[in-house]
Amino acid sequence: MVTKYNRWLLSGTGALLCSVALSSCNFLDLKPLDQVSPEVYYNTADQLATFTIGKYPSVFPGPGSGWDAGMANWDNGTDNQAAGGGNGALFLLDKWKVPANGGIGFNGIRDLNKFINEVEAKRKDGIITGSEAAINLAIGEAYVIRALLYFQKLQTYGDYPIVDEVLNVDDDLVQSSKRMPRNEVARHILKDMDQAIALLPETASDKNRLTKNAALAYKSRIALYEGTFELYHRGTGYVPGDAQWPGKDKEWNKGKTFDQQGEVNFFLTEAMNAAKTVADKVPLSTPNTHVMNPPALGKYDGWNPYYDMFARKDLSKVPEVLFWKSYNFDISSPLAHRTSSYLHAGANTGWTRGLVESFLMKNGLPIYADNSGYKGDVTIDNAKTNRDERLQLFLFGESTVLDAEGTEMGLFTNPQVTALDETKDVTGYRQRKFFRYDPVAQRNNVANDDSGTIQIRIAEPMLDYIEASYLLTGNIDGTARKYWTALRKRAGIEAPIETTINATDMGYEADVNRNSYDWGAFSAGKPVDATLYSIRRERRSEFAGEGKRMDDLVRWRALDQVKDYQIEGVNFWDEKYKDKEYFAKDEEGNVTTIIVADASAKANVSSKEITGSKYLRPYQIRKANNEYWGGYTFYYGHYLSPVSIGEMVLTSTDGKPESSLLYQTPYWPLVANGNVIETVK
């Protein structure tokens with residue numbers, strides 16, 4: 001699902017101007033549907049499907065055919081992954097501003113309201129023809145899509161209007177713009193998900209369309225998000241019932257009481273129940289053969305099914321993939337992407353030192369624990385040795401196969417840290433997840449990669465259950481233990497969970513003076529306990545490179561302590577800078593280094609002497625006019641988006657923004673182009 005954090009703020013570029021909050025659509029804009037109106041067309045099951053399937057591309061994410069690495073980029077801008085440009089929207093004070101104009105993106109929800117209301121009425125009257133299963137599928141899809149559209153708004157704004165009827169020009173649109181308490185919005189979303197779960201088939205042969213199992217997994221995601229958001233952000237003005245909550249004095253909320261812990265418990269329980277229902281039906285069945293590279297020339301797939309799950313065309317026969325998006329470049333209108341081509345070339349992105357160091361050893365110990373067996377990081381191969389096999393599989397090292405065609409295997413050898421643009425390894429740690437070895441998929445002249453894109457897989461509800469159950473009970477129950485052990489075992493970790501928890505030193509993990517510390521070690525600026533941190537680390541390891549990191553950091557409130565944080569990559573200045581790839585002949589034929597590390601306009605890597613770090617710092621390469629030189633600093637108000645001043649005027653009872661029923665998000669001013677208020681509560 002596309003959210004503001006994994007598709008918008010993370011790019012750190014002009015994408016900020018493309019946000020939902022800055023769209024040109026006015027609230028509850030009465031533009032017609034982009035399809036023929038339901039009352040004159042949607043009378044058969046096939047016709048219903050044309051509407052819901054037509055909504056899939058805008059709701060369910062996947063790489064496009066353009067010049068990027070698709071989903072492999074979506075963790076950019078976090079402590080997991082870095083792009084060539086920093087995440088200025090989130091970590092600089094003056095890049096994200098209150099928009100002067102633009103709506104809150106209600107058109108998509110309005111389309112679904114119109115479709116659901118009119119089609120449900122037709123079904124009740126027996127007008128729609130076709131099989132009951134096909135009719136139920138389309139209507140169930142509509143409920144899921146509306147729920148996910150509302151969820152996007154919940155993540156973006158928190159409190160949000162709840163309107164499920166189609167308004168016309170005679171209705172009072174201002175009165176319909178009331179921002180409702182976020183817990184009520186979340187409950188409304190879960191109600192839609194329950195409607196969908198009752199209608200959808202349990203599974204499907206190709207799983208390219210929504211099913212009951214997928215809907216249960218999405219419900220688990222949504223409920224966990226809201227439960228943890230309300231838990232960790234309580235007392236800041238973001239949570240209904242807070243003294244500073246701006247909805248407390250609104251007329252439509254008078255008489256309401258908010259049992260804040262009760263709401264947290266409700267959502268966590270809903271997450272547990274939905275997660276267990278699907279996770280007990282669908283096992284973690286994709287095996288890891290523990291083979292780390294293609295074994296022979298031309299052996300592009302089949303050598304490790306777990307690796308293949310992220311780099312194969314057909315995911316329909318992978319039981320643990322609940323819902324996926326297919327591609328095909330063998331048709332007259334190609335539908336494919338360039339993910340493998342970009343990863344083959346560097347993709348202008350890279351995993352961080354912090355992410356790489358967070359993976360456990362195969363013996364279940366953190367790298368810093370006594371007798372862990374950690375080999376250090378003078379080379380990438382050393383850093384991968386005897387580590388969690390998710391790190392070994394999904395990160396290129398010097399001896400990792402890059403090309404499995406031709407007359408001999410081509411190895412990765414060394415990252416292209418001095419390159420420019422799309423061919424640059426930004427941190428030196430190149431992601432291999434989603435990289436397909438078939439050379440056809442790597443051709444860079446056209447979009448030839450037709451690898452399927454996972455939308456949701458069974459590991460997610462398993463991890464949802466583990467986290468929700470621990471937060472509710474303070475224990476790892478039998479179900480959580482079963483799920484967690486299965487995830488660890490597939491990653492090559494046979495040690496008991498307690499081995500990891502007992503060896504986890506939160507004094508180390510939450511040391512903000514250690515530049516590679518894990519942001520997920522914190523909530524509300526304070527370290528979490530070792531068990532909860534271990535759960536979060538498991539989630540980080542399982543979903544590395546899949547675009548889930550920022551959503552987790554936001555709901556955990558794990559960004560408060562981020563101040564002057566320097567993103568780092570590979571250990572470059574101990575030995576790697578000496579490798580032959582970083583030398584070339586000059587015009588006189590002399591062999592000389594291509595490395596420029598003086599912080600000048602010509603510099604291509606960071607300087608150990610200037611930065612004080614032997615690790616690459618992608619945002620401390622050139623000093624002049626560099627807004628990121630001082631590192632990342634987070635401002636509390638950036639957890640949620642502001643509403644435009646123009647939209648507040650439109651939804652005001654007297655034409656003044658301060659009277660708007662669509663009140664401003666906390667920590668944002670009532671001034672167009674204003675910066676977030678710096679005060680962090």
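Helices here are DSSP runs of H or I with at least four residues, numbered from the N terminus. The model is predicted.

**Exercise 1.** Which helices each supply at least two residues of the lining of the second largest cavity?

*Solution.* 
- Start with the whole structure. A search finds seven cavities of 30 Å³ or more.
- Take the second largest cavity. About 100 Å³ of space lies in it.
- Look at its lining. It has 17 residues, and those closest to the centre of the cavity are Glu357, Ser358, Tyr508, Glu509 and Arg514.
- Now assign helices. Helix 12 (353-358), helix 19 (506-509) and helix 20 (530-542) each give the lining at least two residues.

**Exercise 2.** How do the residues of the lining of the second largest cavity divide into nonpolar, polar and charged?

*Solution.* 
- Eight residues of this lining are nonpolar.
- Three are polar and six are charged.

**Exercise 3.** Describe how helix 3 packs with helix 5.

*Solution.* 
- Two packed helices are described by the angle between their axes and the distance between the axes.
- Find the partners. Helix 3 spans residues 45-59 and helix 5 spans residues 107-124.
- Read the geometry. The angle is about 155 degrees, and the axes lie 12 Å apart.
- Apply the cut-off. Angles over 145 degrees count as roughly antiparallel, so helix 3 is roughly antiparallel to helix 5.
- Helix 3 passes helix 5 in a left-handed crossing.
- Name the contact. Helix 3 brings Leu48, Phe51, Thr52 and Lys55, while helix 5 brings Asp111, Leu112, Phe115 and Val119.
- Sort these residues. Five are nonpolar, one is polar and two are charged.

Key
Residues are numbered from 1 along each chain as its sequence is written. This is a predicted model: local features need pLDDT of at least 70, side-chain atom pairs count only at pLDDT 80 or more; totals for chains, interfaces and linings use all residues. Side-chain values use heavy atoms; hydrogens and water are left out. Axes are lines fitted to C-alpha atoms, for helices over the stretch in contact, and angles run from 0 to 180 degrees between N-to-C directions. Angles under 35 degrees count as roughly parallel, over 145 as roughly antiparallel, 65 to 115 as roughly perpendicular and the rest as oblique. A crossing is left-handed if the near helix is turned anticlockwise from the far one by less than a right angle, and right-handed if clockwise. Contact means heavy atoms within 4.5 Å. Ala, Val, Leu, Ile, Met, Phe, Trp, Tyr, Cys and Pro count as nonpolar, Asp, Glu, Lys and Arg as charged, and the others, Gly among them, as polar. On a 1 Å grid over the protein atoms alone, a cavity is a set of points where a 1.4 Å probe fits but cannot get out, and a pocket is an open set with protein on both sides within 12 Å along at least five of seven lines; lining residues have an atom within 4 Å of a point. Grid points are joined across faces, edges and corners, and a volume is the space filled by probe spheres set on the points.
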